[in-house]
Amino acid sequence: MQDAPNKYNHYTKIAKRLSLNFRFNYGNKDLDNKGKRDLQRLISFMEKNEGRRLVLMGFSDSIGAKLKNIQLSLTRAQSVERELVARGIPVMAVEGLGEAIPVANNETEAGRERNRRVEVWLL
């Protein structure tokens, strides 16, 4: 991706993105109920695919300061990492990319909600 950060482009070349995203409420780093169900799905998948590793990439919406959004996106990815590691699932890398690579329009609440996510990549 031309406008994507280098570390994102690096992982897209060596890893496969899984179809689930963890989403977060504004300013929040805790998984919602859907996130907890998705976490269980991911754990089951990883238990069947031993030896594979995960990369977690966190993102935010564009509301607020860029540096704060980078930190918040990293904190969200780290919260997913903690949940996985606590259940014995290895995580190779955790990245916080802030408001980079929006998947929806940041002008609407629905779009901002979609952009507040943690992507899961499989190595």
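Where is the place of Asn9? Asn9 sits in helix 1, with helices (H or I, at least four residues) and strands (E, at least two) taken as DSSP runs and numbered from the N terminus. The model is a predicted one, so to speak of local features a pLDDT of at least 70 is needed, side-chain atom pairs count only at pLDDT 80 or more, and totals for chains, interfaces and linings use all residues. Residues are numbered from 1 along each chain as its sequence is written, and side-chain values use heavy atoms, with hydrogens and water left out.

Asn9 has a relative accessibility of 13%, so it counts as buried; buried means under 20% relative accessible area, exposed over 50%, and partly exposed in between (1.4 Å probe, protein chains only). A polar atom of the Asn9 side chain lies 3.4 Å from the backbone oxygen of Ala4. Helix 1 covers residues 6-14, and its buried residues are Tyr8, Asn9 and Tyr11. Looking down the helix axis, these buried residues fall within an arc of 165°, so they line one face of helix 1; the arc is that of the directions from the axis to the C-beta atoms. On the face turned away from the buried side, helix 1 carries the exposed residues Asn6 and Lys13. As for what the buried residues of helix 1 pack against, that would be strand 1 (16-23), strand 2 (54-58), strand 3 (91-96) and strand 4 (117-122), with contact meaning heavy atoms within 4.5 Å.

Tyr8 also takes part in aromatic pairing. Rings of Phe, Tyr and Trp (its six-membered ring) pair if their centres lie within 6.5 Å; planes under 30 degrees apart count as stacked, over 60 as edge-to-face and the rest as tilted. By this rule there are two aromatic pairs. The ring centres of Tyr8 and Phe59 are 6.0 Å apart with planes at 75°, so this pair is edge-to-face. It ties together distant parts of the chain, 51 residues apart, as Tyr8 is in helix 1 and Phe59 in the loop between strand 2 and helix 3. Both Tyr8 and Phe59 are buried. Tyr8 and Trp121 make an edge-to-face pair too, at 5.7 Å centre to centre and 85° between the planes. Here the link runs from helix 1 to strand 4, across 113 residues, and Trp121 is buried, as Tyr8 is. Put together, Tyr8, Phe59 and Trp121 form one aromatic cluster. Phe59 has a charged neighbour as well: Arg117 lies over the face of its ring, 3.9 Å from the ring centre (a charge sits over a ring if NZ of Lys or CZ of Arg is within 6 Å of the ring centre and within 35 degrees of the ring normal).

Next come the nonpolar cores, each a set of buried Ala, Val, Leu, Ile, Met, Phe, Trp, Tyr and Cys residues joined through side-chain atoms within 4.5 Å. The largest has 20 residues, of which Phe22, Leu42, Leu54, Leu56, Val80, Leu84 and Val120 touch the most other members. Strand 1, helix 2 (33-48), strand 2, helix 3 (66-86), strand 3 and strand 4 each give two or more residues to this core, and helix 2 gives the most, with four. A second, separate core of 13 residues includes Tyr11, Val55, Met57 and Ala100.

Methods: Polar contact = N/O pair within 3.5 Å; in protein donor to acceptor, adjacent residues only side chain to side chain.
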